[in-house]
Amino acid sequence: MSAPPESAVSTTDLKKTYPAAGPRPAVHAVRGIDLDVPKGEFFGLLGPNGAGKSTTIGMLTTLVVPTGGSARVCGLDVVRQPVEIKRRIGVVSQNNTLDSDLTAGENLEFRGRFFGLGARDARRRADELMELFGLTEQRGGNPFEISGGQAKRFMICRALMHGPEVLFLDEPTAGLDPQTRTNLWEVLRGLQESGQTIVLTTHYMEEAEALCEKVAVVDHGKILASGTVDELKGAAGADTVITVTYDAPPPREIKALADRDGISKVEIHDGQVRVFAAEAEGILGELVAVGAAAGVGVTDATQLRPSLETVFLTITGRDYRE
Amino acid sequence: MSSQVLPPPPPARATVPRTFAAMMAREARVMRKNFLSTFLRVLVQPVMFVFVFAYVLPKLGGGAMAGGPGGPTFSTILLPGLVGSSIIMQAMMAVIFPLMMELNWQKSITDRALAPVPVPLLAVQKIIAAALQGLIGGLLVFPAVLFIHADGQAPSVHVGNWPVLIVVMVAGSLLSAAGGLLLGTLLNPQKVQMLFALVLLPMTMLGCVYYPWSALADIRWLQILSLVNPLVYVSEGLRTALTPGIDHMPVWAFLLAIVGGTVVLSWAATRTFTKRVLT
């Protein structure tokens, strides 16, 4: 029997409150988060903007000081052992933070030297990674004159220079075009296959679904649900969500749908009806027909297949992009 | 990428001194790359200055700007002052401009802070790197002032006191860099423009660059007010070391101000920097 996997990241009731400043009240960015990411896992923190994901990553990478709870990365305490942690992690931030006084290639080289590689080893490692990531041609470029996707790949290479135990990526594909995003996903999958532990934040549902073995859904600084994507879907009922907006108060008969087999819940807010169903076939048509019979028109209708988006909707009762 | 395996990194030995040395190597690389532009930027102001005051005006008016017949030439007065103001300007700019970018645009400071050293040491590294540039800026000014002058207007310079010269040049550079780091962490980018107009320009004009501090005895209020200006101490220190024939402030006074100021400003700047980086 194999030993239980060691934790790459573990947090207990981790909190961050930014104190009030002038007219701005105190901000409770993270309100008690428990995480346990074993070595080798591809873990995702999923949530809308402002959910507290970046603050959490900031605390795990030692640059944001927690105001409560505790966090360990590679078994080390983020408050007491920040330098030791920094030696063991690689971080890819959301912005282009490449050093604009150096070429893209020199960025990698010096990063290696900062982390203790000799000058020659650092150059060789940089060459190796640039080759692997298809960046050799851009090595002499100014980091702000290459494309956004190339800059992001350079940042990933830079974070990998010293072979980090954990790679943190904060919104890695935000602002990239779809093609570049898909390419970057390939890169990240390749890293995972190499055994790299990865912690990623994203506000793209499809990104978490496409990449992560385990996902924690975060909103308002708390974890709402966590598990594999399939577990999350199961826990939330794995429902298809049908939403219909009427141009007048919806007919009464709709409430009765909730008693039918295959339908787990019906919610009515003002003119909007939301049906959570395991068996979705025919329901949308029925909602339109019931409306028409009562003289009520339909102005909008959507049907979402089970996905992290429906999970979010089920847990929070709110649209993801509200 | 997906078909290939990520190669393991070569063995690394990341100790704090090695990381610090690598960060300084990065500064050296950037300085080497920018040397020509830095060289030109540093030299234009002092060259223009000595050209007009030590060459053009003496030719025009028979030494209207000099200290009078038999007195020291104006370039003798100017040399220590221009070296001092170059040190201060270069060291402050070397820390403020990159810092403004790192703290605001793209927030790249979050990345610099991931280097495996304690964050306060990152502040110390910035101070030392900028001080080095201030020192180079100061040294570059010497030949300009020594060689550009009209006949009979040569500066009368000899190093009377090497230890004082070295301490003033080095500590003066550190003082300016620490002051730059403090201002850079306290000010937002909009206010940096103001910094040049309201702080650096008056500081240079009134920094005993163009006259020795003792000559201000006739304007007593200005003489006392000047004592808040760090450039005054650097100029006077350099005057003591380079042109001992000109009246200067007592050695203990400028050494206390420069060395004491360096300690206090470095401590304060390291604190404000750490607060900006660790949120």
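## A residue in the interior of chain A

Let's start with one residue: Leu211(A) sits in helix H7 of chain A, which covers residues 205–211. Keep in mind as you look around that this is a predicted model. Is Leu211(A) buried or exposed? Leu211(A) counts as buried because its C-beta has 24 C-beta neighbours inside 10 Å, and the cut-off for that class is 20 or more.

Which residues does Leu211(A) touch, once those up to four places away in sequence are set aside? The partners are Phe42(A), Gly44(A), Trp185(A), Leu188(A), Arg189(A) and Leu200(A). Gly190(A) is 21 residues away from Leu211(A) along the chain, and their C-alpha atoms are separated by 11 Å.

## Chain A as a whole

Stepping back, chain A holds ten helices and 14 strands. Its C-alpha atoms fill a box of roughly 80 × 55 × 45 Å along the principal axes.

Of the 322 residues in chain A, 44% are buried. If you take the contacts in chain A with a separation of 6 or more, 67% of them join residues 24 or more positions apart.

## Where the chains meet

The two chains touch through 37 residues of chain A and 34 residues of chain B. On the chain B side, H1 and helix H4 (109–112) each supply at least two residues. H1(B) gives the most, with seven residues. By class, the chain B side divides into 21 nonpolar, eight polar and five charged residues.

## H1 against H5 in chain B

H1(B) also has a partner within its own chain. Two packed helices are described by the angle and the distance between their axes. For helix H1 (residues 16–33) and helix H5 (residues 119–147) of chain B, the axes come within 11 Å and cross at roughly 35°. The crossing of H1(B) and H5(B) is right-handed.

From H1(B), the contact uses Phe20(B), Met23(B), Met24(B), Glu27(B) and Met31(B). H5(B) answers with Leu121(B), Gln125(B), Ala129(B) and Gln133(B). Together these make six nonpolar, two polar and one charged residues.

## Annotated spans of chain B

An unreviewed UniProt entry places the feature "transmembrane region" at residues 39–57, 77–99, 127–150, 162–183, 195–213 and 251–270 of chain B.

Residues 77–99 of chain B are 100% helix and 0% strand, with end C-alpha atoms 34 Å apart. Residues 162–183 of chain B are likewise 100% helix and 0% strand, and their end C-alpha atoms lie 31 Å apart.

Terms used. Residues are numbered from 1 along each chain as its sequence is written. Chains are lettered from A and ligands numbered from 1 in the order in which they are written. This is a predicted model: local features need pLDDT of at least 70, side-chain atom pairs count only at pLDDT 80 or more; totals for chains, interfaces and linings use all residues. Axes are lines fitted to C-alpha atoms, for helices over the stretch in contact, and angles run from 0 to 180 degrees between N-to-C directions. Helices (H or I, at least four residues) and strands (E, at least two) are DSSP runs, numbered from the N terminus. A crossing is left-handed if the near helix is turned anticlockwise from the far one by less than a right angle, and right-handed if clockwise. Two residues are in contact if their C-beta atoms, placed from the backbone, lie within 7 Å. Ala, Val, Leu, Ile, Met, Phe, Trp, Tyr, Cys and Pro count as nonpolar, Asp, Glu, Lys and Arg as charged, and the others, Gly among them, as polar. A residue is buried if 20 or more other C-beta atoms lie within 10 Å of its own, exposed if 12 or fewer, and partly exposed in between; C-beta atoms are placed from the backbone. UniProt positions are given in the numbering used here, feature names are shortened, and annotations may be inferred rather than shown by experiment.
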